[in-house]
Amino acid sequence: MSDQLRAPEAPVAEGLAAPYDALLLLSFGGPEGPDDVVPFLENVTRGRGIPRERLKEVGQHYFGFGGVSPINGQNRELLDALRKDFAGHGLDLPVYWGNRNWAPYLTDVLREMAADGRRRIAVLATSAYASYSGCRQYRENLADALATLAEEGVAELPRVDKLRHYFNHPGFVQPMIDGVLASLAGLPEEVRDGAHLVFTTHSIPTAAADTSGPVEEHGEGGAYVRQHLDVARVIADAVRAETGTGRPWELVYQSRSGAPHVPWLEPDVCDHLEALHAAGAPAAVMVPIGFVSDHMEVLYDLDTEATAKAAELGLPVARSATVGADPRFAAAVRDLVLERAAAERGEGVERCALGLLGPSHDLCAVGCCPARGPRPAAAGADSPYA
Ligand SMILES: CC1=C(CCC(=O)O)c2cc3nc(cc4[nH]c(cc5[nH]c(cc1n2)c(C)c5CCC(=O)O)c(CCC(=O)O)c4C)C(CCC(=O)O)=C3C
Ligand SMILES: [Fe+2]
């Protein structure tokens with residue numbers, strides 16, 4: 001092939017994502033060995049008022065897995081999947097990865113991106129729903145990292161745009177539907193049709209849920225609960241359509257932390273399994289719709305603790321897969337980048353969304369999922385950065 005024929009490809013590919021010149025995968029981070037566990041937990045809980053007892057207990061969850069959280073490996077796989085997907089679709093957009101709580105740290109990666117000349121960065125957080133923990137806290141971390149770079153004298157700070165919540169994007173939901181179908185198929189035939197679908201997500205303080213999106217608009221539990229209910233219904237409906245059997249379903253919570261006197265979302269998954277068993281349910285599939293990969297909250301709280309609870313009760317259970325590095329999720333991320341890029345260029349865009357809530361906003365409004373204190377947050381209407 002002559003250079004003349006090859007040449008036009010590069011600028012066109014670059015143009016697809018314009019004005020973005022990079023994607024940042026922004027995640028939670030996790031320890032990679034026993035020596036990392038305590039410093040990691042200190043990073044996560046600094047200033048959070050988590051009881052010491054709870055921290056010791058959670059430390060044991062990590063030590064039980066050799067001090068290694070699976071989350072970093074899962075993010076590396078997602079990075080590979082994103083790069084493969086982008087390359088396969090002519091999208092010439094470099095992908096970086098940084099974490100809030102462990103190496104590679106967000107600040108270091110943003111510094112590297114600035115040094116690489118990236119000026120306009122699309123950010124995908126590995127958290128699909130609204131809430132302080134799932135959204136604003138990541139935006140505060142972005143603001144902190146930008147402030148550090150400014151202090152260090154980085155002349156031109158990159159602009160960061162957080163991609164919209166993707167809880168209802170088909171590329172996030174469809175793999176979970178397949179996961180539920182596979183889990184049902186793995187249950188003994190005689191309990192399969194009566195199995196409950198137990199959708200789970202991270203519990204958060206009820207006060208945080210109520211302010212995760214205006215209660216006047218979303219009702220009790222705010223946008224956080226409403227978005228999860230919408231996804232749960234979409235999955236339950238699809239499973240009914242696919243199997244010809246409607247199954248009872250519930251949204252429950254896991255991984256509660258914090259002081260006992262502070263109310264968090266309930267019921268807890270283990271209590272719920274007990275109640276289901278007492279009410280005569282023959283089996284259950286636990287569906288962790290609140291999480292993007294099979295990280296420690298899934299491996300310990302569901303696969304270890306809740307599964308042991310079910311065994312004790314004699315209740316057959318299965319746990320269905322999270323999206324992880326599913327190629328359909330990688331394609332969804334590409335869709336979100338291109339959609340936002342077109343919107344930033346002022347073009348009309350079609351936005352994919354299942355369920356009743358429609359596509360989420362691009363830009364968090366002032367006061368959306370409010371801060372716990374007066375901390376600046378980037379990538380929203382109240383961002384102090386361009
Ligand atoms: C909504 C939400 C998500 C989902 C959205 C998202 O993914 O971002 C999430 C994810 C995760 N949470 C994780 C780990 C932890 N979360 C903690 C504590 C807390 N989580 C909270 C909320 C959430 N957390 C809250 C309100 C707290 C209380 C302290 C505070 O207000 O900040 C603690 C402290 C000990 C404890 O008490 O459990 C740990 C160790 C890991 C890594 C797992 C791994 O290593 O594989 C992941 C992906
Ligand atoms: Fe938000």
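## Basis

Residues are numbered from 1 along each chain as its sequence is written, while chains are lettered from A and ligands numbered from 1 in the order in which they are written. In this predicted model, local features need pLDDT of at least 70 and side-chain atom pairs count only at pLDDT 80 or more, whereas totals for chains, interfaces and linings use all residues.

## The annotated residues

An unreviewed UniProt entry places the feature "binding site" at His202 and Glu297. UniProt positions follow the numbering used here, feature names are shortened, and annotations may be inferred rather than shown by experiment. The two residues are spread over 96 residues of sequence but cluster in space, with a largest C-alpha distance of 8.3 Å.

His202 belongs to strand β5 (residues 196-202), and Glu297 to helix α14 (residues 296-313). Helices (H or I, at least four residues) and strands (E, at least two) are DSSP runs, numbered from the N terminus. His202 is buried because 23 other C-beta atoms lie within 10 Å; Glu297 is buried too, with 22. A residue counts as buried at 20 or more other C-beta atoms within 10 Å of its own, as exposed at 12 or fewer, and as partly exposed in between, with C-beta atoms placed from the backbone.

Contact means that the C-beta atoms of two residues, placed from the backbone, lie within 7 Å. Leaving out residues up to four places away in sequence, His202 touches Gln254, Ser255, Gly290 and Glu297.

Four strands form an open sheet in the order β6-β5-β7-β8, with parallel pairing. Two strands pair if DSSP finds at least two bridges between them. The edge strands, β6 (249-254) and β8 (317-319), each pair on one side only. Four bridges join β5 to the parallel strand β7 (residues 284-287). Helix α14 packs on the sheet and touches β5, β6, β7 and β8.

## The domains

The domain assignment, which is automatic or from a database, gives domain 1 (3-30 + 69-164 + 326-344) and domain 2 (170-319). Their centres, taken over C-alpha atoms, are separated by 30 Å. In domain 1, 19 residues are in contact with 20 residues of domain 2. On the side of domain 1 that touches domain 2, α5 (71-88), α7 (132-151) and α15 (327-344) each supply at least two residues. The largest share of that side, five residues, comes from α15.

Terms used: Axes are lines fitted to C-alpha atoms, for helices over the stretch in contact, and angles run from 0 to 180 degrees between N-to-C directions.
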